[in-house]
Amino acid sequence: MISNKPIPEKMKVLNLKAIGDLVYEEKEIPKLKENEVLLQIKCCGICSSDIERVFINGTYHFPTIPGHEFSGEIVAVYNEEDKYLLGQSASVFPLLPCNNCQACNDEEYAQCSNYNYFGSRCDGGFSEYLAVPKWNLVLFEGLDYDAAALCEPAAVSLHALNRINIPKGEKIFVLGTGTIGLLISMFAKSKGFDVYIGARRKESIKYVESLGFKTINTNNLAEELKNKTNNEGFKYIFEAIGGNQVLEQAILSSANFAKIVVVGNPKDNLQLEKNIYWKILRKQLTVVGTWNSSYGKVVNDWKEALEFMKENSVLFKQLITNKYPLEKYDEAFNLLRDKSKFKIKVMFEINTHTISST
């Protein structure tokens with residue numbers, strides 16, 4: 001292993017030992033394999049899926065270090081030919097494809113039939129260091145580490161937006177004021193679309209409007225649609241929450257022949273009332289699924305997202321409402337689970353200077 005700075009023998013991590021049993025502890029620094037680098041993690045976002053993994057569903061095996069939205073500095077490489085990477089900054093595409101199935105041959109890695117994944121199937125970013133394949137590195141300059149840690153949800157959001165063709169200037173309706181919903185809205189606005197965001201809480205509506213977006217109060221959806229769309233509804237809708245109510249709202253707010261992109265990952269089974277389902281038929285709606293992001297040579301959501309983020313970093317930083325060191329993980333997760341408190345993106349800002357070097 002070749003490094004550009006002293007590397008400690010051990011690191012601090014958040015290790016999930018069982019459902020609900022997240023432990024702050026020391027672990028040995030990972031050993032590098034060929035074509036891997038050692039990433040000193042600077043920032044790691046907490047995704048809503050991390051809440052599910054830690055407290056409800058668990059990861060695919062125990063113990064596992066969660067976290068898949070992270071950025072950091074490359075501080076060690078495996079061999080001499082990779083020394084040029086030392087000191088460079090990188091975000092990380094968290095999916096580790098098998099490279100043997102048809103999806104991988106087509107560079108549709110999100111559909112890989114035998115993939116690994118940082119933070120759920122193998123150790124992830126809630127740690128001070130992580131061994132990362134060079135192939136997964138998304139190198140960047142001119143962007144702070146906290147903003148760069150948003151590259152994963154940004155790529156997912158951009159991928160969702162690109163799933164359908166929308167004429168420039170069209171109205172679109174985004175249901176959801178979480179990180180993904182707001183990132184979809186940011187990219188949509190940058191592409192020249194007239195963006196409305198659906199929200200129901202006063203603080204969410206106020207926050208969304210402070211970002212310069214128009215809002216639809218979903219507590220009074222019928223009246224809002226009458227006033228803001230002349231009761232015609234929207235032609236292009238993004239459902240970014242996941243759940244029965246929001247899916248119904250997406251269908252009810254749709255115009256004839258509308259396209260609905262379903263982005264939100266539901267926690268429970270979905271069931272539509274018959275009269276709601278009928279609207280899909282009568283309006284001849286198109287329902288489009290989206291999953292993860294594209295990371296190929298030709299289509300790469302990560303590179304496109306990163307270029308936009310570099311030019312609009314202040315806008316992205318506005319989404320980061322709370323930061324915590326790893327050792328204050330209880331406070332971070334308590335905030336995320338408290339529905340009465342307003343927050344958007346909660347992030348770990350990781351201090352790697354707390355362990356003495358050898």
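**Overall fold and local details of the predicted chain**

The protein chain has twelve helices and 18 strands, where helices (H or I, at least four residues) and strands (E, at least two) are DSSP runs numbered from the N terminus. This is a predicted model, so local features need pLDDT of at least 70 and side-chain atom pairs count only at pLDDT 80 or more, while totals for chains, interfaces and linings use all residues. Residues are numbered from 1 along each chain as its sequence is written, and side-chain values use heavy atoms, with hydrogens and water left out.

On overall shape, a compact globule of 358 residues would have a radius of gyration near 21 Å, and the 21 Å of the protein chain agrees with that. The radius here is taken over C-alpha atoms, and the globule rule is 2.2 Å times the number of residues to the power 0.38. Along the principal axes, the C-alpha atoms fill a box of roughly 70 × 45 × 35 Å.

As for burial, 54% of the 358 residues count as buried (under 20% relative accessible area; exposed is over 50% and partly exposed is in between, with a 1.4 Å probe and protein chains only). The chain exposes about 16900 Å², 45% of it supplied by carbon and sulfur atoms; these areas come from the Shrake-Rupley method with a 1.4 Å probe. Take the contacts (heavy atoms within 4.5 Å) with a separation of 6 or more: residues 24 or more positions apart account for 70% of them.

Charges come next: there are 42 positive and 43 negative side chains, and the centres of the two sets lie 6 Å apart. Lys and Arg count as positive and Asp and Glu as negative, with His and the chain ends not counted; each charge is placed at NZ of Lys, CZ of Arg, CG of Asp or CD of Glu.

Now for some local detail. Helix α1 spans residues 48-57, and its buried residues are D50, I51, E52, R53 and V54. After α1 comes G58, with a positive phi near 80°.

Two of those strands, β2 and β3, pair in the antiparallel sense over eight bridges (pairing needs at least two DSSP bridges between the strands). A18 has D21 of β3 as its bridge partner. Two residues sit between the strands of this hairpin, and G20 takes a positive phi near 85°.

Elsewhere, N100 lies in the loop between β7 (95-96) and α2 (102-105). N100 is exposed, at a relative accessible area of 66%. Its C-alpha atom is 8.7 Å from that of C112, twelve residues apart along the chain.
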